[in-house]
Amino acid sequence: MPPNKSLFLRSTITHADVAIIGAGPAGGHAALCAAENGLSVALIDEQPEPGGQVWRQTSAAILAAPPTPESQAGKALAAALARYGATITHHADARVWQIERIDDDASNRKSSNKKPGNRKLWQLEIAAQEPHTVQARALIVATGAYEYVQPFEGWTIPGVIGLAGATALLKQDLLVPEGDIVVAGTGPLVFYVAAEIDRLGGRLAAIMTVNSRKDWLGALPAMMGRTDLLRRGLGWLTRLRRVPIHWRTAITRAHAHDNHLDALEYRALNGAGTPHGGTHKIKAAMLCIGHGLIPDTRAAQLAGLNLSYAPALGGWVPDLDPDGAPAIEGLFVCGDGRGIRGVAAAVLDGQRAGLQATAFMRADSQATQAAQAALVRPYARAARFGQAMTALSSLPAGLAAITTPQTIVCRCESLTRQDIQDEIDTRAHTHQAIKAGQRAGMGPCGGRFCHKVIGQILKACTGTTSPPPPARPPLRPIPLTTLAPEPARYEDLPLGKPTPL
Amino acid sequence: MSEPFDIAIIGGGIMGCATALRLADGGMAPIVIEQGDIGRGASSANAGTLSLQIKRVKLMPYALRGHALWESFGQAVGFRKTGGYTLAFTAQEAELLLERQRLKADAGAPIRFISPPEVRTAEPGLTERIAAASFCPADGFANSLLTGRFYRTRLGEAGIPYRTGSPVRAISRDKTFAITTPGEIITARRVLLATGGWLQSTARLLGVDVPVRTRINTVSVTERAPPLLSSQVGHATGLLTLKQKDNGTVLIGGGWQGHPNKEPSHTSMGRVNADTLRTNLALARYALPGLDQTRLLRSWTGFEGHTPDFYPLAGALPGVKDGFVLGCVRGGYTIGPYMGQLMGDFILGREPEMPLFDPARTFMQDSSL
């Protein structure tokens, strides 16, 4: 097929030294660092404003909002990126749907007298108002993380939302729903969300955390390295002193009335995190619940990286060298997308990736060595804090018992835990085989939300650890009209030769 | 050392499993050795099309028998005989359609030509811009994702042992074949290579060069949509297949080529190429305008091995006594179960119902390519 003909469907191609997927703390700081070092940057992000999930901006429709540390950090990042407007192109409201590795034909032709040309480019297909293509020699993946909720009966009822989903609402719209709110789950996010709801005037009925006080005491040594963050956490607890806190407790079931959350069941947990003792009930109009974060690895997988299982980092993470350096030339991964270490570590990790990309572009491994070395100790301190929080957020093994056989585990395809077990009983012993047989993870979410619980069930039934299925393009569902613009004339379609007779 | 198996079948796709079942039926003790999961390679990554209108003329007798087998598998593989339309959108394509489908009808497929208004009455969701069309009532599709569970279950019922996650690293030949996998060494009196797109590298383990290349075929699926289409639909050039599954998702195929992987893993031999995908989707939108209201959920690449003449390898492995090879069947999803039966009969020393395809033949380059 002649290339000029096959290209007619593509609108425009823009070039940058480095393309960065994700404009959160890691990607944003990678962009700043690369720009400071003279690189041109294409910074691609799904949100209208930089800052990612954690530094999400207040909606532009809200004029006067009291600043929070998150909104201030987000504003500062946006301002810094704007100062580099000449070299950083921020593609907002834009989704990368495909990543390809292609030959740099132009440079190979030009540089034939220098190095024999097998220079490669990253080619990113972007769905946005104007679909376009970005080509870059270096690619930084900074896709962050998304939330996990261990499924329990009733978790799909309207009125039950994730902790991270709740923070998005609170940060962007400053909205708190009417009625009694229960905040539950694991780790520090429980207390952050509860404190924000309280600050914005919501009615907190109770906090129910899977963690014990002892869990928190155990994390203290790691937290001492970042007393600023520790102080902030203590501030949340002071604010929440009048709210009943149930330690070592889990929500086990949600009940609906008129298709909306009405009441919750909860039980105390034993040392292994398994519910034991009596069931209690509490009225609630809203439940914010979360059980830790999962690294979003799909863009890294699409770029060609394999995954390894690292429970201490939140689950499956891309295979990288210990310093985060690329296993594939010109590819860099930073932030929570390569393991959950929190926002403070993500900023420094983003800078590290920006420096590594700079050294790569200059073809000089020494170029940014000193600057990278200066990041090592602060990063280690921040990462230690972050990983202690990840440990507090991670699921105790016994908590899997809240997912009963009748519980929906794959929301897109309405599959229960029993459906998954039935497929395993036909000797489906990998994620892929379960996916094929039951369509688990084949809906719009692409397995993002169910792969962890299916992994748990597989492990419980067979003892095997199976990686999540490979990432497929498009990374998110995209309208066909965006992916394939209609040609002016049918004859313009580059159909090529018919199949053999 | 344990008693050697009568035959080790390397490759647990449709061809390998179907042959194993025939051999066990004939009294042999086979073992199936698969690098990934049973039926999880090309056997399930394809679009599940069962259409006589896209089969090669010379393979039509095989395809007719393959269709009958899929129909007999029924619900377990999600078989649906919907009838199928092949569409032409220009005068040139109409000419191609007429010429090709007539030859396929002469070869025994129940294909007839129908007028564009007839097509639109049956399938009002299709474009108004149809120049010519053919119809085959025998066409339809199956759910290729169920291939794995189907053959796992059949192997289990027949008591045929199989190994998964067992890529073959080496094959040596003494009195018997010794097949090295990461977990064990398996011995067998005979060996059948049925590794599809990997046939070239597998045959090299026995010092044989088979002229196999791999095509990387793109397949896509939309999210659930309202009813748009009730039949299988193809294109005069063979470059489009469309079908809507019971759950409302629309599968889009047509053999558009992805990028081959330099180092193929057992999970994929290739990757999606956005340029060919765009053309594939644009053609699909042209044929079925209702797709404009849907989102694409996922694209992936299936694959198929092929020889220079695009006919199968099915018979004795040249230069290796008690060695056999089966693969490169164009339309392998449709014809595979039947080829497995023929191959089984050949290995059992029986006369196959239809001729096989000698792997030692001189390959002529297909001139139509």
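Author: Here it is, and what follows is a quick talk through some local features of this predicted model.

Reader: Give me one from chain A. What does Arg253(A) form a salt bridge with?

Author: Its partner is Glu153(A), and the closest N and O atoms are 3.7 Å apart. The pair ties together distant parts of the chain, 100 residues apart: Arg253(A) is in strand 12 (residues 249-257) of chain A, and Glu153(A) is in the loop between strand 7 (145-147) and strand 8 (160-162) of chain A.

Reader: And how do you class Arg253(A) for accessibility?

Author: Arg253(A) counts as partly exposed because its relative accessibility is 34%. Glu153(A) is partly exposed too, at 23%.

Reader: What about Arg239(A), which residue does it form a salt bridge with?

Author: That would be Asp198(A), with the closest N and O atoms 3.0 Å apart. This pair also links distant parts of the chain, with Arg239(A) in helix 8 of chain A and Asp198(A) in helix 6 (residues 189-199) of chain A, 41 residues apart. Arg239(A) is partly exposed at 37% relative accessible area, and Asp198(A) is partly exposed at 25%.

Reader: Over to chain B. Which side chain does Arg80(B) meet in a salt bridge?

Author: Arg80(B) meets Asp246(B), at 2.3 Å from N to O. They sit 166 residues apart, Arg80(B) in the loop between helix 3 (60-73) and strand 4 (84-88) of chain B, Asp246(B) in the loop between strand 14 (241-244) and strand 15 (250-253) of chain B.

Reader: Asp246(B), buried or exposed?

Author: Exposed, because its relative accessibility is 67% and the cut-off for that class is over 50%. Arg80(B) is partly exposed, at 29%.

Reader: Switching to packing. At what angle do the axes of helix 2 and helix 10 of chain A cross?

Author: Roughly 35°, and the axes come within 7 Å. The crossing is right-handed.

Reader: Which residues of helix 2 of chain A meet helix 10 there?

Author: Pro25(A), Ala26(A), His29(A), Ala30(A), Cys33(A) and Ala34(A). On the helix 10 side, the residues they meet include Ala346(A), Gly350(A), Gly354(A) and Leu355(A).

Reader: Now the backbone. Where is the cis peptide bond that involves Pro474(A)?

Author: It joins Pro473(A) and Pro474(A), with omega about -10°. Pro474(A) is in the loop between helix 14 (451-462) and strand 22 (478-479) of chain A. Most residues other than glycine have a negative phi, and most peptide bonds are trans.

Reader: Speaking of phi, what is it for Ala363(A)?

Author: Positive, about 50°, though Ala363(A) is not a glycine. Ala363(A) is in the loop between helix 10 and helix 11 (369-393) of chain A and counts as exposed because its relative accessibility is 66%.

Reader: And Phe310(B), what is its phi?

Author: About 60°, again positive without being a glycine. Phe310(B) is in the loop between strand 18 (295-306) and strand 19 (313-316) of chain B. With 6% relative accessibility, Phe310(B) counts as buried.

Reader: Last one: which residues form a nonpolar patch on the surface with Met224(A)?

Author: Leu217(A) and Leu220(A), and the three together have about 290 Å² of accessible area. Met224(A) is in the loop between helix 7 (213-223) and helix 8 (227-239) of chain A, and at 49% relative accessibility it counts as partly exposed.

Terms used: Residues are numbered from 1 along each chain as its sequence is written. Chains are lettered from A and ligands numbered from 1 in the order in which they are written. This is a predicted model: local features need pLDDT of at least 70, side-chain atom pairs count only at pLDDT 80 or more; totals for chains, interfaces and linings use all residues. Side-chain values use heavy atoms; hydrogens and water are left out. Patches are made of residues with over 30% relative accessible area and no salt bridge: like charges are joined within 9 Å, nonpolar side chains (Val, Leu, Ile, Met, Phe, Trp, Tyr) within 5 Å. Accessible areas come from the Shrake-Rupley method with a 1.4 Å probe; for residues, only the protein chains shown count as cover. A salt bridge is a side-chain nitrogen of Lys or Arg within 4 Å of a carboxyl oxygen of Asp or Glu. Helices (H or I, at least four residues) and strands (E, at least two) are DSSP runs, numbered from the N terminus. Buried means under 20% relative accessible area, exposed over 50%, partly exposed in between (1.4 Å probe, protein chains only). Axes are lines fitted to C-alpha atoms, for helices over the stretch in contact, and angles run from 0 to 180 degrees between N-to-C directions. A crossing is left-handed if the near helix is turned anticlockwise from the far one by less than a right angle, and right-handed if clockwise. Contact means heavy atoms within 4.5 Å.
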